[in-house]
Amino acid sequence: MPPAAILALAGVTYGFRLAGPLCRDRISIPPAATRLFADAATVLLISLAATSALTAGHGFAGWARPAGVLVAGVLAARRAPFPVVVIAAAAVTALLRLAGVP
Amino acid sequence: MRIIRRTDGSALLRDVALVCLADGIVGVSFGATAVAGGLPWWVPVAMSLLVFAGGSQIAAVGVVLAGGSPLAAVVAGGVLNTRLFPYGLAVADVVGSSSQASGSTGSGRRWLTRLFGSHVITDESVAFALRQTSPADRRQAFWTCGVTLFVAWNVAVAVGVVAGSMMKNTNAFGLDATFPAVMLALAIPTLREWRTRTAAGTGAAIAVALTPVLPAGLPVLAALGGLATIWRPRRPATVRGSGTSGSHRTDSREPDGTSREPGGSGWEPGGDGAGWEPGESGRLDAGDADGLLMGEGL
């Protein structure tokens, strides 16, 4: 990840942050646009979760990682605390690998 | 009893500490995974200082570790951070605005406050601010959470970098499962409506199906095509028939808070979509605050 990419992401992010306090009284966001960006973020997160859980390079990642992520997803859906979700994903995956699952 | 009289302040500190602990574990995992994946130590450190938005940091590094281009990483991270704009509108009054000192000497300081305050606008600091009612409490909650979390997140990432560079085989610890787990945990609370689920499911299917054939990073951007499943032409306002006129709708949520019929509402404002999504007014309010703390943080 080149420094320029980090700076670009930092600049874009800071721009979104600063725009709110600067524009407070001058604009309001159309609710439709807000929903579009909210849905876009959800689509990205789920797609990133799916690809990074299931694939490594251009192929299948093996069963241990998706199994750990699946357990994490069930825990998250049941509103388990964030640290529990993250640690469970790593623990399940590590234990499956210890047991010989790829 | 001093302790009882200070309950409010210490309750705030306790809640902030719990949030910092939760995010800290994610930060350690982020730092460790980034360096274990082959990135130099300064990449996660610089990102955490300059970007300071965990979800987008993880997404961007995830794209790069999968072999994707830096541009795809920036786009993915940037899309996730669009929500910071409505956040900024919601807390503009506490991020150094007109209620602070005025005059020529106060002006420079106000700008410094605004510039730094903007940088610590996060899901968590906004949620803490919105839970308060008085302007002074809002300001205290925002700054306490924002500054504490900034320090905690960067320390945690640095700890993760050290830990990750000492581990010989991070796969044995299952660290590679933590990135997708974090992104899933961020997204699941926003999947309350069918339209969002359909779009996300379609997007994920597109991304996974294209991974074997497209260069890394592009499948995830192609997944945004899943948004097409929920596009509906805007219907005339009169069709909704609740008697509101023009563009100012009072409240389209069901009185009992349940979500409406699946799939029918297209781009209609309101509803219970993403947890951090503003209400009908386009602004966040106190009712949105708890959603920000229910796991959608980072």
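## Overall fold

Which pattern does chain B follow when read along the sequence? Chain B runs α-α-α-α-α-α-α-α-α-α-α-α-α, and the tally of its secondary structure is 13 helices and zero strands. Helices (H or I, at least four residues) and strands (E, at least two) are DSSP runs, numbered from the N terminus.

Before going further, a word on the model: it is predicted, so local features need pLDDT of at least 70 and side-chain atom pairs count only at pLDDT 80 or more, while totals for chains, interfaces and linings use all residues. Residues are numbered from 1 along each chain as its sequence is written, and chains are lettered from A and ligands numbered from 1 in the order in which they are written.

## Burial and contacts

Chain B has 298 residues, and 49% of them count as buried (20 or more other C-beta atoms within 10 Å of the residue's own, with C-beta atoms placed from the backbone). Take a look at helix α8 of chain B, residues 123-130: eight of its eight residues are buried, so this helix is largely enclosed by the rest of the structure. They are B:D123, B:E124, B:S125, B:V126, B:A127, B:F128, B:A129 and B:L130.

Among contacts in chain B with a separation of 6 or more, 66% join residues 24 or more positions apart (a contact means C-beta atoms, placed from the backbone, within 7 Å).

## Two domains

An automatic or database assignment sets the domain bounds: in chain B, domain 1 covers 2-191 + 284-293 and domain 2 covers 193-238 + 258-272. Twelve residues of domain 1 of chain B are in contact with eight residues of domain 2 of chain B. On the domain 1 side, helix α5 of chain B (residues 70-80) supplies the largest share, four residues.

Terms used:
A residue is buried if 20 or more other C-beta atoms lie within 10 Å of its own, exposed if 12 or fewer, and partly exposed in between; C-beta atoms are placed from the backbone. Two residues are in contact if their C-beta atoms, placed from the backbone, lie within 7 Å.
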